[in-house]
Amino acid sequence: MSSKCFDDDGELTGYDGWRRSRWEEMAGPDGKAGRIAYRLITEPGQEFPEVPGRWTSTGFSGSLTLTAARADGVWADGDAVDGTVELTDASRLSFPDGLRGTIEELRGAHVLVVWDPAAPTLVGLRGIEAWQCDPAWIVEAEYRPADAGRRLEVTRRTSPSTQDALPAPGDFVFDLRGERHTLRAFGVGGDVLLITFTDGTSGTDTPAMGRWLILSQPKDAKGTVRIDFNRAVVPHHMFSAAFPCPMPPRENHLPLRVEAGERAPVFEENVAVGTTTPAV
């Protein structure tokens, strides 16, 4: 990661490419802003309003089946479904009207995720507001591993809100604006760490539910990591209410205005992004 926003000729460095990839992630052909449903499968024969079929799960380590008639127009892994088929977390699903589905895991259970290429939150997304890149918001942080197996309780943005316990393998300690701060990080798979935080802009210039920093876990047990607040992003929930995003723990509040990174997505006037998604 570059330690500055511009090269010697005044052109944007890797930050410019990161902004383009971030836009592609949310608004591209498979943009996450097109997610319309996140449905936990916990009972036999469950049905969901977004797609046809009946879904049965015995837990993420167990079986997951889908039952549909050929007339329902459901495809699983390239084959039309006519009866009951078994699915895995690698299954790819197709539904009428171009809807697509995948299988994820949450709290040891299967989740059906549905994506719509015509979702208003996707086709109506016009931009992502952000502050101008400023090298002053790039800091060197010390990574301090936590005790093995540490998990932290978080609230997820659902309706009603739900609680979850996420692995929290370490903390980042750094100096910013003359003060020492600590942010706790969550493990979200592989060597990826997620920091959810609030600051003095939360609820006014940026979402009240805070913002995210996505980092790689240091290879050394203790190491120094560069944190670039210019790459702070707004949570996926702000693009689609079908993301049950975790709220920041109260320990992850920075008592200053972090005027760096993303501020908010920009939609067409007639697009309303729900504030919550059904509880999972």
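**Notebook: salt bridges**

I began with Arg 126, which is partly exposed at 48% relative accessibility (buried means under 20% relative accessible area, exposed over 50%, partly exposed in between, with a 1.4 Å probe and protein chains only). I kept in mind that this is a predicted model, where local features need pLDDT of at least 70, side-chain atom pairs count only at pLDDT 80 or more, and totals for chains, interfaces and linings use all residues. Residues are numbered from 1 along each chain as its sequence is written, and side-chain values use heavy atoms, leaving out hydrogens and water.

Next I looked up the partner of Arg 126: its side chain meets Glu 268 in a salt bridge, 2.3 Å from N to O (a side-chain nitrogen of Lys or Arg within 4 Å of a carboxyl oxygen of Asp or Glu). The pair links distant parts of the chain, with Arg 126 in strand β11 (residues 125-130) and Glu 268 in the segment after β20 (262-267), 142 residues apart. Strands here are DSSP runs (E, at least two residues), numbered from the N terminus. Glu 268 is partly exposed too, at 32%.

Then I turned to Lys 32 and found a salt bridge with Glu 25, the closest N and O atoms being 2.8 Å apart. Lys 32 is partly exposed at 31%, and Glu 25 is partly exposed at 28%.

My next stop was Asp 82, which forms a salt bridge with Arg 70 at 4.0 Å between the closest N and O atoms. I noted that Asp 82 is exposed at 53%, and Arg 70 counts as exposed at 53%.

Last, I looked up the total: the count comes to 20 salt bridges.

Conventions:
Helices (H or I, at least four residues) and strands (E, at least two) are DSSP runs, numbered from the N terminus.
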